[in-house]
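Hi,

Here is the structure I promised to pass on to you.

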Amino acid sequence: MVFLRLLVQLFISFIFLRSKQCFSSNQSPIILPLRTQNNHHISARRLFSNSSSKTTGKLLFHHNVTLTASLTIGTPPQNITMVLDTGSELSWLRCKKEPKFSSIFNPLASKTYTKIPCSSQTCKTRTSDLTLPVTCDPAKLCHFIISYADASSVEGHLAFETFRFGSLTRPATVFGCMDSGSSSNSEEDAKTTGLMGMNRGSLSFVNQMGFGKFSYCISGLDSTGFLLLGEARYSWLKPLNYTPLVQMSTPLPYFDRVAYSVQLEGIKVNNKVLPLPKSVFVPDHTGAGQTMVDSGTQFTFLLGPVYSALRKEFLLQTAGVLRVLNEPHYVFQGAMDLCYLIDSTSSSLPYLPVVKLMFRGAEMSVSGQRLLYRVPGEVRGKDSVWCFTFGNSDELGISSFLIGHHQQQNVWMEYDLENSRIGFAELRCDLAGQRLGLDVKNLA
């Protein structure tokens, strides 16, 4: 009986994959509200690469705020909440009931849940993009492990299940059913059911759903917004500026080939280009130095020489406008050492210079509150502590540039997998949500 169910799931999966392009081009877009989850404890993790002695430049969780989407899974449907992460491939859910987890998926209560054996073609051929190779566990199931540099991990087996979101139902979707693991931040992790992997890997959520494009838009004040799966054809949407995705055919130890990697070519501060050679932005022979757009990271992190140059210029252009926090040992999140004191009663920030990220073929402007972040609970007398939202990758041991979602606020972000490019345009995401029929103010 179990074998028959597996054959049926494999057949459905095959039919779905064959018709994937048809789904992508013909179906109406699906819109999911994005909510924020505020985390009081900050954790820094990065994925281990295939080499046990080296790590990739992937910072999976490093934030006070995560973006989460709600959907259902299984038959009958169970409600789940997943963290949106464009920097990860495998979507996974907690499947083991524990007192500390407020939300889990119960596979025993679902008629459409099917475990994937390690002898299956899915386990053998569709897992090649995962960070660590899958193995065969004692029950002969396709076993996965995701390990992090802070010694935390996620572990379980692969399975097929039916996912539902909006008006769409997708049977035979591959996901990781987590049955064990350790966490450096159990308070944060307990609030969601799992993670929605949205990178370019074959097992990513967006690829399995059959969409050639997806977009999201995050509002500025409370970071709520929406995720749109499919083509966005709206007359009110501004033309997008596109930058091509960097393709790397040769495997390199520090280059994530299924990430949304773009080419950063320079940075401006109020139209003054930082005096840096373009070579500092180009990945080296090991792949170190790639630039990744990552919704799973809150802030933006730059390699040491670039961060130092930006920090110096921003300090120069804000002298007399902002008061620097003169505490040499205060470093927010271990990598953000430029902080300021701002009167807690101030209703708005003073004028700040605009920082422009110069990508190949397009520029992204970062201004106003996207440049400074008010650190929760940090007060000095009548002043609050605000920190510059760019950090130093070197301080975290990361060999990459990471563009986080804080800098993407009030920017329509399109991930165009069909044409291998990322597009963006500034707009009010709360107003865009209203035009799409979402009450964005009530999503937080």
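Below is what I found in it, going from the whole chain to single residues.

Please keep in mind that this is a predicted model. The protein chain has seven helices and 30 strands. Of its 444 residues, 58% are buried. Among contacts with a separation of 6 or more, 72% are between residues 24 or more positions apart.

The largest nonpolar core has 72 residues, and the ones that touch the most other members are F165, F175, F214 and L227. Helix α6 is the element that gives the most to this core, with five residues.

L227 belongs to one face of β14, and both faces of that strand are covered. On one side G225, L227 and L229 are buried, and on the other F226 and L228 are buried too. That accounts for five of the five residues in β14 (residues 225-229). The strand pairs with β13 (residues 213-218) through five bridges, in the antiparallel sense. Here F214 turns up again, standing opposite L229 of β14.

Next, have a look at the open sheet of four strands, ordered β21-β22-β26-β25 with antiparallel pairing. Its edge strands, β21 (323-324) and β25 (372-380), each pair on one side only. Helix α6 (residues 304-318) packs on this sheet and touches β21, β22 and β26, with its direction at about 30° to that of β22. Strands β22 (residues 339-343) and β26 (residues 383-388) run antiparallel and are joined by five bridges.

Is Y340 buried or exposed? Its relative accessibility is 0%, so Y340 counts as buried. Leaving aside residues up to four places away in sequence, Y340 touches a list of residues that includes F314, L315 and T318, then L322, R323, V324 and L325, and also L372, S384, V385 and W386. For L325, the C-alpha to C-alpha distance to Y340 is 4.7 Å, although the two are 15 residues apart in sequence.

**Aromatic pairs**

How many aromatic pairs does the structure hold? There are 20 of them. In one, the ring centres of Y260 and Y415 are 4.7 Å apart and the planes meet at 70°, which makes the pair edge-to-face because that angle is over 60 degrees. This pair links distant parts of the chain, 155 residues apart: Y260 is in the loop between β15 (241-244) and β16 (261-262), while Y415 is in strand β29 (residues 411-416). Both Y260 and Y415 are buried.

Ring pairs also link F105, Y113, F163, F165, F175 and F205 into a cluster.

**Arginines over rings**

Finally, two arginines are worth a look. R421 lies over the face of Y242, 3.6 Å from the ring centre. R380 lies over the face of Y330, and there the distance to the ring centre is 5.6 Å.

Do write back with any questions.

Best wishes

Technical notes
Residues are numbered from 1 along each chain as its sequence is written. This is a predicted model: local features need pLDDT of at least 70, side-chain atom pairs count only at pLDDT 80 or more; totals for chains, interfaces and linings use all residues. Side-chain values use heavy atoms; hydrogens and water are left out. Rings of Phe, Tyr and Trp (its six-membered ring) pair if their centres lie within 6.5 Å; planes under 30 degrees apart count as stacked, over 60 as edge-to-face and the rest as tilted. Helices (H or I, at least four residues) and strands (E, at least two) are DSSP runs, numbered from the N terminus. Buried means under 20% relative accessible area, exposed over 50%, partly exposed in between (1.4 Å probe, protein chains only). A charge sits over a ring if NZ of Lys or CZ of Arg is within 6 Å of the ring centre and within 35 degrees of the ring normal. Two strands pair if DSSP finds at least two bridges between them. Contact means heavy atoms within 4.5 Å. Axes are lines fitted to C-alpha atoms, for helices over the stretch in contact, and angles run from 0 to 180 degrees between N-to-C directions. A nonpolar core is a set of buried Ala, Val, Leu, Ile, Met, Phe, Trp, Tyr and Cys residues joined through side-chain atoms within 4.5 Å.
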